[in-house]
Amino acid sequence: MSVKPTAGKPVIMIIVDTLMDAPLNEAIRAGMAPAIDFLIKNGTYSPGLVAPFPTMSVNVDTTLLTGTYCDQHKIPGLVWFNKKENRLINYGSHYRELFKLGVVKAVEDLLFNLNQSHISREVRTLHEDLYRQRFNSASINALVFRGNTPHFLDLPKMLGRFTPLSRRRPVYAPAIFSYGRFSKLNESWRNQHFWQKAGVNDSSSVQQFSHLVKENKLPPFTIVYLPDLDQRIHKYGRLDRVGIEKADKQLQKILGLFGDWEKALELNQWIIMGDNGQAWVHSNRNHAVIDLRKLLSPYKIMRLRKGPRTGDQIALAVNDRMAYIYTLNEEKELIEDIAMLLTGDNRVDVIAWKNGRQIKVRSGGIGGEIRFQPGGVLQDQYGQLWELEGNMEILDLSVKDNRVQYGLYPDALARLYSCLHSHEGEFLAVSARPGHEFAGEGSPVHLGGAGHGGLHEQDSLVPLIVSGTESLPEHMRIVDLKRWVLSLITKSVYDSESTKDS
């Protein structure tokens, strides 16, 4: 298939993992983020872009690329139970869990199955849509990258020799593809070593993007992932500014590739954004950690190393401040019993499950429940219609003149509905109050730091910075970005061709 040459202003999307409004503003005031400050002053700043739920990167990135919530794209979170394969899938939460589940299988899930098998074929990614329109695109260090061009990952020879992972097994990605040390644009091994997160780091991302610009190979759309800030926020808390300063220095390098910052703005359309926020976590372990094994001790819980066995009643898939709780024998009565048990802990913020066509929601420390389903006469700010009854306090909702207003849980109804219809099985989805996170058999905890995954606005709201265009998405949700980005590219090409014709 012939590819259209780059025309108009390329769109460069830079995702700064866990970029949040409050620490960003503090960093700008302190002079620690001059590049982002420049882009804001020469563009549009929106502090409240809503991430999908669960607020975990694999779900967020898949929503971004497909323009759908997880009820359609089918990636429920970082950790989830696959009923068809009868196993817990983990794309990389913590080495303790991965060793118990099998490191090789986790590597296979992350490098191959996530993009090639688990994302639904009923949806198309942004890269696939651009390919259909004969545009190239680039993905640099993004976890989700499904496209149309086969690439062969450079797996360590030892891994291919002693495991079922094959160096001859392709992944399908956009034509221009970089993923850590496994697929590089720049052949240098600088920033690509295993102790440097195997090349999935900020310096490597900038190194690969620099190669594109210097070789004059920048396509109409490029996504660049800067992952390092996330780990600092986990460790030092949600107001850490040093990580933002480091990310901004990488952005300065990127802008400088075009000669000067004004030229970079003149030549390109820029989108800088976070993917999810993080909520603070208490420093006291006994107070901060909601140990689901203890809380659900009346039930026989599946062990990670053994997998589902006869007699096991429930399985836990912990996504930091969110968790899925599955009934392995699919007893619907068991769901209600577990929900009732969870309401006894006021650290558990949201407890939700399917009940026929309805979604039921309860909360630890707040009485009653909410029941809702799509349709009806109540409309929210995104034009979505709902039937809704019960105790609105649970989800901090207000209803006036048939209008639903969201409070602490942005787009709560659509995000919960999609989460609970994202995969097969009988399960609950639970979210922790800020200050707390869930733990299972080997889950990581971030005492005195921060975590994400939850439904709360601290986990859910990220900034969006747009420069080089006056266009903005219809709604400030990550799920709405794909259609908008496609319009930026096609409009840019149309404007460029019109200018040539005149």
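Let's start with Leu-65, which sits in helix α3 (residues 57-66). Helices here are DSSP runs of H or I with at least four residues, strands are runs of E with at least two, and both are numbered from the N terminus. This is a predicted model, where local features need pLDDT of at least 70, side-chain atom pairs count only at pLDDT 80 or more, and totals for chains, interfaces and linings use all residues. Residues are numbered from 1 along each chain as its sequence is written, and side-chain values use heavy atoms, leaving out hydrogens and water.

Leu-65 has a relative accessible area of 1%, so it is buried (under 20% relative accessible area; exposed is over 50%, partly exposed in between, with a 1.4 Å probe and protein chains only). Leaving aside residues up to four places away in sequence, its contacts include Arg-124, Phe-145 and Lys-482 (contact means heavy atoms within 4.5 Å).

| Helix | Buried residues |
|---|---|
| α10 (residues 228-236) | Leu-229, Asp-230, Arg-232, Ile-233 and His-234 |
| α11 | Gly-243, Ile-244, Ala-247, Asp-248, Gln-250, Leu-251, Ile-254 and Leu-255 |

How does the span of α11 work out? Its 15 residues (242-256) should span 21 Å at 1.5 Å a residue, and the end C-alpha atoms are 21 Å apart, which agrees. The expected span is 1.5 Å times one less than the number of residues.

As for α10, its buried residues pack against β1 (11-16), α11 and β23 (450-451). Just after α10 comes Gly-237, with a positive phi of about 105 degrees.
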